[in-house]
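Subject: Structure for you to look at

Hello,

Here is the structure I said I would pass on. Please open it first, then read the notes under it.

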Amino acid sequence: ANQLRSQVHRLAPGLLALCTGADEPWFWALLKAAPTPAAQRRLTRARVDHLLRTHRIRRWRGADVIERLQGPSFPHAPGVVEAVEAQIRLILPRLEVVQAQRLACSRQLEQLLQQLRDRPRDADERGEHRDIAILESLPGVGRKVAVTMLAEAAEPLAHRDYDRLRAHMGTAPVTSASGKRRLVAMRRACNRKLRWAAYHWGRASVQHDAASAAYYRGLRAR
């Protein structure tokens, strides 16, 4: 997507206002239909409206997109437009394949999580909440964080060993002391996948949960 954005920026930088990262399927469809400024100016309002409806894009109206497509352009050296068009047509199919694979992985992960939610209890299971129920009840935990926690920290979760879990995630600080000197530092040795899960877990909880946001502001103030 960064490569695609770079190519679009060479020809029509104003078009990136529609999709800043050039990383959305509807934007790819727009570029597939009209990869060059000349082709973009020929796009009709009806075709743009159809594209937006197909991809369920509501934040842009067809008139807004047409205005961007038909905006002022600047001259290019001979061969630049053709070269950029060729690059765009090479990049788009690869992005579409990766997007299809991501969607397939997401569906598979959701199916696996649903199997965990629906699995009958064993006779020897304790009458407490399951790992998946506990994780999904916590602010900031979505599908990817839950899957990462279950895959990378199954044993600490099963034994409710949260000190060990914090160490594996890298959120438990390392304290060293000798005499009057006491140093608290970030833990470097940890599971990197769990560390990223912890980061996104915390980031999402601060953005969407009032209690987490207040706790975070208190820590920052201290």
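A residue is called buried under 20% relative accessible area, exposed over 50% and partly exposed in between, with a 1.4 Å probe and protein chains only. Cys105 has 43% relative accessibility, so it counts as partly exposed. Cys19 has 1%, and therefore counts as buried.

This is a predicted model, in which local features need pLDDT of at least 70, side-chain atom pairs count only at pLDDT 80 or more, and totals for chains, interfaces and linings use all residues. Residues are numbered from 1 along each chain as its sequence is written, and side-chain values use heavy atoms, without hydrogens and water.

The structure has 0 disulfides, a disulfide being a pair of cysteine sulfur atoms within 2.5 Å.

Next, the spaces. On a 1 Å grid over the protein atoms alone, a cavity is a set of points where a 1.4 Å probe fits but cannot get out; a pocket is an open set with protein on both sides within 12 Å along at least five of seven lines; lining residues have an atom within 4 Å of a point. A volume is the space filled by probe spheres set on the points, which are joined across faces, edges and corners.

The largest pocket has a volume of about 710 Å³. Among the 18 residues lining this pocket, Ala198, Gly202, Tyr215, Tyr216 and Leu219 are the closest to its centre.

There is 1 cavity of 30 Å³ or more. The largest cavity holds about 40 Å³ of space, and its lining residues include Val8, Leu31 and Gln40.

Regards
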